[in-house]
Amino acid sequence: MLQKSLKRVYLNELLIRLSFFILAFVIVSVWFNDGLLIGGGEEGFAIFNNRSVVSQISLWQESGTGYLMPAYITRLVPALFVKALLYLNFSITQTQAIFFFSLIYTGLIGFYLLTLEILKDSKNVKIISFFSTLFYFFNLYSQSQIFGRFLYSAMALWSLTPIFLYLFIRWMEAAKIRWLVCLIATSTVYSLAFSQPAHVFALLLPPLLWTFIKVFRSPEKRIYLAKRFLLQFLFGSSLV
């Protein structure tokens, strides 16, 4: 009985994650059904071009008389990702499709894991988490202001936020260094999300609110939580 129950749980979990994979695949397939690149008015082709990686992340932009753009350094990881796929003989259109698919799929999985963690003591938590994840993608703001405008940094922020908060909670509660390492690693991979100060604020606000709630609910853990939060802050500051 126990083995059958575990097998059923495993299959249900697999089906849920497969459904997110199919959803991301279908969405991207619809976007690229004509085989053309997607170049929005605000982003253009950005990292999806033949320019060198160095020129794409340069702090000095050669436009007009030139100007400083320090935020472009956050393009390093996605620019290297694109160059790696091009080196593997993927077309530029396929590379852009893989890039969008990766952001959507990891964002869906991240939000699903986050809701499972937050609502782990609730009944029907998997069903609630599944539909919450669908809403996270299909809500009006995400569709009109992020994916509708194809803002790469906003898409990276959308994908990173649930993963960041999930790993932050795991680090704060489990007190295992591997969660902190994963948190720093994912922040580096999704570095494009840090291209705007407003994005940094939006990313750090949920962990800060979670910490405050935990502190007020568990006064005996105030020093413990404060130390962990400070340690993470120092690690994050060192990366910046």
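These points cover the nonpolar core, a surface patch and the salt bridges of a predicted model.

1. **The core.** The largest nonpolar core has 53 residues. Within this core, F100 and I104 touch the most other members. Seven helices are named as giving two or more residues each: α1 (2-31), α4 (92-118), α5 (125-138), α6 (140-147), α7 (152-174), α8 (177-189) and α9 (197-217). The largest share comes from α7, with 16 residues.

2. **I104 in detail.** Which residues does I104 touch, leaving aside those up to four places away in sequence? The list is A24, I27, V28, W31, F137, F147 and W158.

3. L15, L18, F21, I22, F25, V26 and V30 make a nonpolar surface patch. Its area is about 660 Å². One of its members, V26, lies in helix α1. Is V26 buried or partly exposed? V26 has a relative accessible area of 41%, so it counts as partly exposed.

4. The model has five salt bridges. One of them joins K126 to E13, with the closest N and O atoms 2.3 Å apart. This pair links distant parts of the chain. K126 sits in helix α5 and E13 in helix α1, 113 residues apart.

5. **R170 and E117.** These side chains meet in a salt bridge at 3.7 Å, N to O. R170 lies in helix α7 and E117 in helix α4, so the pair ties together parts that are 53 residues apart in sequence. R170 is partly exposed, with a relative accessible area of 23%. E117 has 11% relative accessibility and therefore counts as buried.

6. **K120 and E173.** Here the side chains meet in a salt bridge at 3.6 Å, N to O. K120 is in the loop between α4 and α5, while E173 is in helix α7. The two are 53 residues apart, and the pair links distant parts of the chain. K120 is partly exposed, at 45% relative accessible area. E173 is partly exposed too, at 35%.

7. **The network.** Which residues do salt bridges with shared partners join into one network? They are E117, K120, R170 and E173.

Notes. Residues numbered from 1 in each chain as written. Predicted model: local features only at pLDDT ≥ 70, side-chain atom pairs only at ≥ 80, totals over all residues. Heavy atoms only, no water. Core = buried A, V, L, I, M, F, W, Y, C linked by side-chain atoms within 4.5 Å. Buried < 20%, exposed > 50% of the residue type's maximum accessible area, 1.4 Å probe, protein only. Helix = DSSP H or I, 4+ residues; strand = E, 2+ residues; numbered from the N terminus. Contact = heavy atoms within 4.5 Å. Patch = residues over 30% accessible without salt bridge, like charges linked within 9 Å, V, L, I, M, F, W, Y side chains within 5 Å. Areas by Shrake-Rupley, 256 points an atom, 1.4 Å probe, with all protein chains shown as cover. Salt bridge = Lys/Arg side-chain N within 4 Å of Asp/Glu carboxyl O.
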